[in-house]
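Subject: Structure for your review

Dear colleague,

Please find below the structure that I am handing over to you. I would be grateful if you could read the notes after it with the model open.

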Amino acid sequence: MHISASVIDTIVEWINENLHRKLSIEEISIHSGYSKWHIQRLFLHYKGENLASYIRRRKMELAVLQLTHTDACIYEVALTCGYDSKQTFTRVFSRTFGLSPGAWRKERRKSMADCLRQVGTQYYY
């Protein structure tokens, strides 16, 4: 494996372990030992996605898991995903999914309940 690919794999692992924090390109560049411009070019080359987009996507994936599998309030989910305010989290989530986190959770739970009713009806009646 090329050394740059190894650095990117290490950075990805570090990002995934630190999604609960507010992450900056500057901090990631310091962690990698590369300039913030160079690490972004390397990341885009090896991952096909820019670094900021990757971080945002991973935080939203974590948010979806939290909203689906916990009863944590929206503010707690925001903090878990490294956002320092409910408003910022809600804005990013809404832009990403077209629904607020609360509306998304409500829709998801409704569709899961509908699926369970169908499975229950199909197999038990």
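This is a predicted model: local features need pLDDT of at least 70, side-chain atom pairs count only at pLDDT 80 or more; totals for chains, interfaces and linings use all residues.

Helix α3

Helix α3 covers residues 36–47, which makes 12 residues. From its first C-alpha to its last it reaches 16 Å, close to the 16 Å expected at 1.5 Å a residue. Its buried residues are I39, L42 and F43. These residues cover an arc of only 100 degrees around the axis, so they lie on the same side of α3. The cover over them includes α1 (3–17), α2 (25–32) and α4 (51–69). On the face turned away from this buried side, α3 carries the exposed residues W37, R41 and H45. Just after the helix comes G48, which takes a positive phi of about 70 degrees.

The loop from α3 to α4

E49 is placed in the loop between α3 and α4. Is this glutamate buried or exposed? E49 counts as buried because its relative accessibility is 18%, and the cut-off for buried is under 20%. Its side chain makes a polar contact with the side chain of R57, at 3.1 Å. Leaving aside neighbours within four places in sequence, E49 is in contact with F43, L44, Y54 and R57. Of these, F43 is also one of the buried residues of α3.

The pair α1 and α4

Two packed helices are described by the angle between their axes and the distance between the axes. For α1 and α4, the angle is about 40 degrees and the axes are 10 Å apart. Their crossing is right-handed. On the α1 side the contact is made by V12, I15 and N16, and on the α4 side by L51, Y54, I55 and R58.

The loop from α5 to α6

C81 is found in the loop between α5 (74–80) and α6. With a relative accessible area of 0%, C81 is buried. Which residues does C81 touch, not counting those up to four places away in sequence? They are L19, H20, K59, L62 and A63. The C-alpha atoms of C81 and R56 are separated by 9.5 Å, and these two residues are 25 residues apart along the chain.

Helix α6

Helix α6 comprises residues 86–97. At 1.5 Å a residue, its 12 residues should span 16 Å, and this agrees with its end C-alpha atoms, which are 16 Å apart. F89, V92 and F93 are buried in α6. Seen down the helix axis, they fall within an arc of 100 degrees, so they line one face of α6. The face turned away from the buried side carries the exposed residues Q87 and R95. After α6 comes G98, with a positive phi near 75 degrees.

F89 deserves a separate entry. Its relative accessibility is 0%, so F89 counts as buried. Not counting residues up to four places away in sequence, F89 touches M60, A63, I74, V77, A78, Y83 and P101. A63 is in this list and is also touched by C81.

Yours sincerely

Notes
Residues are numbered from 1 along each chain as its sequence is written. Side-chain values use heavy atoms; hydrogens and water are left out. Helices (H or I, at least four residues) and strands (E, at least two) are DSSP runs, numbered from the N terminus. The expected span of a helix is 1.5 Å times one less than its number of residues. Buried means under 20% relative accessible area, exposed over 50%, partly exposed in between (1.4 Å probe, protein chains only). The arc is that of the directions from the helix axis to the C-beta atoms. Contact means heavy atoms within 4.5 Å. A polar contact is a pair of N or O atoms within 3.5 Å; within protein, one must be able to donate a hydrogen and the other to accept it, and residues adjacent in sequence count only if both atoms are side-chain atoms. Axes are lines fitted to C-alpha atoms, for helices over the stretch in contact, and angles run from 0 to 180 degrees between N-to-C directions. A crossing is left-handed if the near helix is turned anticlockwise from the far one by less than a right angle, and right-handed if clockwise.
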